[in-house]
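Q: Can you walk me through this one? I have the sequence and the model open, and I'd like to start with a single residue.

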Amino acid sequence: MSIEKYKIVEGQVKVTYELALGRTWSHFYDCFKEGKIMGTRCRKCSRVLVPPRSFCPRCFEDMDEWVEVSDEGIIETWVYVNMPFFAQETKIPFISAQIRLDGCDSGFTHIVGGVDMSDLDKVRAAVKLGGRVKAVWSREKKGSIRDIEYFEPVK
Ligand SMILES: [Zn+2]
């Protein structure tokens, strides 16, 4: 039987789930309630990673030393998202960026906001590789990634 003979039913599946964050990510988000971004430091290679890891992915050493990092850093890479995709919660268009916070050695992915999104040239003028950004914290913090509304360019 050829594939053309099968009937197809189209639909959408919505999956509601709960994800256990574990000790490391739970502490990371608990600190968001106090407006602090914490990373973990590897005792062997001294790298500080944000988001934190329970072990160093390079050395495989436990990373149980917590270090507060800045809520300001530089844009390592960014993308302008103007196409909807499945399960996307953020309204388009938006900017997703990898941000290296001061005091850490890894990238942290978040939204860049506070930028005129009406024209891509205006976005390019405001959002640059190596450009400095600072977290804009929510007034009500619940211990989640949304406690940081977005990172905005530092003027
Ligand atoms: Zn290491």
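Q: Where is Arg100 found?
A: This is a predicted model, to begin with. Arg100 is found in strand 5, which covers residues 94-101.

Q: Is Arg100 buried, exposed or partly exposed?
A: Arg100 is partly exposed. It has 18 other C-beta atoms within 10 Å. A residue needs 20 or more to be buried and 12 or fewer to be exposed, so 18 falls in between.

Q: Which residues does Arg100 touch, leaving out those up to four places away in sequence?
A: Arg100 touches Gly73, Ile74, Glu76 and Gly107.

Q: And how far is Arg100 from Gly131?
A: In sequence, Arg100 and Gly131 are 31 residues apart. In space, their C-alpha atoms are 11 Å apart.

Q: Let's zoom out. How many helices and strands are there?
A: The protein has 2 helices and 8 strands.

Q: What order do they come in?
A: From the N terminus, the elements run α-β-β-β-β-β-β-α-β-β.

Q: What share of the residues count as buried?
A: Of the 155 residues, 19% count as buried.

Q: Back to strand 5. Which element gives the largest share of the largest nonpolar core?
A: The core first. The largest nonpolar core has 21 residues. Val50, Ala97, Ile99, Leu101, Val112 and Phe151 touch the most other members. Several elements give two or more residues to this core, including strand 4 (72-81), strand 6 (108-112), strand 7 (132-137) and strand 8 (148-153). The largest share, 4 residues, comes from strand 5.

Q: Take Ala97, then. What is it in contact with, beyond its neighbours within four places in sequence?
A: Ala97 is in contact with Ile75, Thr77, Trp78, His110, Val112 and Phe151.

Q: How many bridges link strand 1 and strand 3?
A: Strand 1, residues 37-41, pairs with strand 3 over 5 bridges. Gly39 stands opposite Val67 in strand 3.

Q: Which residue has a positive phi of about 70° although it is not a glycine?
A: That is Ser46. It lies in the loop between strand 1 and strand 2.

Q: Why does Ser46 count as exposed?
A: Ser46 counts as exposed because it has 11 C-beta neighbours inside 10 Å, and the cut-off for exposed is 12 or fewer.

Q: What about Phe60: where does it lie?
A: Phe60 lies in the loop between strand 2 and strand 3. Phe60 has a positive phi of about 65°, although it is not a glycine.

Q: Is Phe60 buried or exposed?
A: Phe60 is exposed, with 9 other C-beta atoms within 10 Å.

Definitions and conventions:
Residues numbered from 1 in each chain as written. Predicted model: local features only at pLDDT ≥ 70, side-chain atom pairs only at ≥ 80, totals over all residues. Pairing = 2+ DSSP bridges. Contact = placed C-beta atoms within 7 Å. Core = buried A, V, L, I, M, F, W, Y, C linked by C-beta atoms within 7 Å.
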